[in-house]
Amino acid sequence: MVGYAFMGAAHSQAWRTVNRVFDLPLTATMVAVAGRQADQVGAAARRLGWAEAVTDWRELVARPDIDLIDICTPGDSHAEIAIAALEAGKHVLCEKPLANSVVEAEAMVAAAERARASGVRAMCGYNYRRVPAVALLRQFVADGRLGDIRHVRAVYLQDWITDPEFPLVWRLRREVAGSGALGDIGAHIVDLTQYVTGQRIAGVSALTETFVRHRPLPTQSSGLAAESVGGNGQQTGPVTVDDAALFVARLSGGAVATYEATRFATGRKNGLRVELNGSLGSAVFDLERLNELEFYDATAPADQQGFTRILVTEPGHPYLSAWWPPGHLLGYEHSFTHQARDLIEAVATGTDPRPSFDDALGVQRVLDAVEYSAANSAQWTPTTATPVGV
Ligand SMILES: NC(=O)c1ccc[n+]([C@@H]2O[C@H](COP(=O)([O-])OP(=O)(O)OC[C@H]3O[C@@H](n4cnc5c(N)ncnc54)[C@H](O)[C@@H]3O)[C@@H](O)[C@H]2O)c1
């Protein structure tokens, strides 16, 4: 694994747990974690359960006893690490968004295609696909329970940077993160809605906003070029990404959709919510109530209609048979365990895991189209025809 902070911890928990919960044909062994500072990566290895710590990810790629590289770093290093790993014949799990640009993502897809010829697998970490209620929602749509999908309403709302004194962390710097709320959380609702509906976003009209344009530098050196000193002597630097991104979209199957991603939704902590309205019913998923799926069956007798709260903890529900008795709930971390499960299964059976790098490139094209549209007065922008390098 490369990177050992937020996602590194979540992925480590998954690798530690996956073979103890699921009966799988292969066993994950946590060989080594890579970071940049020896003392910190050493401590992380001990805490997270990795046998060894190294200070250069290239060491992992070169080792014959490592079969899979799990990339948990910011987007600016995804392409380089993933391509090197694939060329060395390692399977790759890469955190989302796949890359910081369409050009990088295309190079990653090409590397994955070349490696695939020798049985090497590549997967992108859109983990919310693996929340059981989300997988159930996809089944409902595929089984026609909602009929023709007409509306998709998706929001991903957080509030952790509403304070203008919050420092200029890497997520607020375009050269590291690629984009702001758009790629950080908007990417999740793009992938999730395409996944549950089975429809692709065909075009968008978008606007973005950056509410706080300068922020104090983090206490450790940021290496920023454009640093300045504010009136109170505090060093500040420019925010170079969006704080919020909103767009309307058309989906390939005829649905219309709205999306909102922001880290300025005061009071909303991790508010991912998706609502689908179809000709035969509606369904709602809310990440802050992730064991539940709300379903409205418009084919039921009129005097019995109403939203039903399905508790998605039955053994027949996706992923649940390996866990606890009905009603004994799962949480955020389990989506990562399910992700590890599905990847191990794919590697063992020689099948392609999803979301593939190609699926994730599709998300990247949507992000690109949103940025292009927002920069051009919300101009309608097809996702396949976005000029490269926006
Ligand atoms: N799937 C999800 O729900 C989810 C949630 C959060 C973040 N992410 C994604 O995961 C990735 C990492 O985000 P995070 O929240 O874990 O960030 P983080 O800041 O918590 O951790 C990043 C880690 O990468 C390390 N790192 C950075 N550059 C490196 C390099 N060149 N070589 C080696 N190590 C390097 C840092 O030292 C740190 O350990 C991003 O792509 C982000 O978008 C996904």
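How many nonpolar, polar and charged residues does the shell around the ligand have? Let's find out in these close-ups of a predicted model, in which local features need pLDDT of at least 70, side-chain atom pairs count only at pLDDT 80 or more, and totals for chains, interfaces and linings use all residues. Residues are numbered from 1 along each chain as its sequence is written, and side-chain values use heavy atoms, leaving out hydrogens and water.

**View 1. The shell around the ligand.** By class, there are 10 nonpolar, 6 polar and 4 charged residues here. Nonpolar covers Ala, Val, Leu, Ile, Met, Phe, Trp, Tyr, Cys and Pro, charged covers Asp, Glu, Lys and Arg, and the others, Gly among them, are polar. Of the 20 residues around the ligand, those coming nearest are Met7, Lys96, Asn127, Trp170 and Arg171.

View 2. Look for a polar side-chain atom of Trp170, 2.8 Å from a ligand oxygen. A backbone N or O atom of Lys96 also lies 2.8 Å from an oxygen atom of the ligand. For Tyr4, a polar backbone atom is 3.0 Å from a ligand oxygen.

View 3. With a disulfide taken as a pair of cysteine sulfur atoms within 2.5 Å, the count comes to 0. Cys72 has its closest cysteine sulfur in Cys94, 8.7 Å away and so too far for a bond. Cys94, in turn, is in no disulfide, and its nearest cysteine sulfur, that of Cys124, is 5.6 Å away.

Terms used: Near = heavy atom within 4 Å. Polar contact = N/O pair within 3.5 Å; in protein donor to acceptor, adjacent residues only side chain to side chain.
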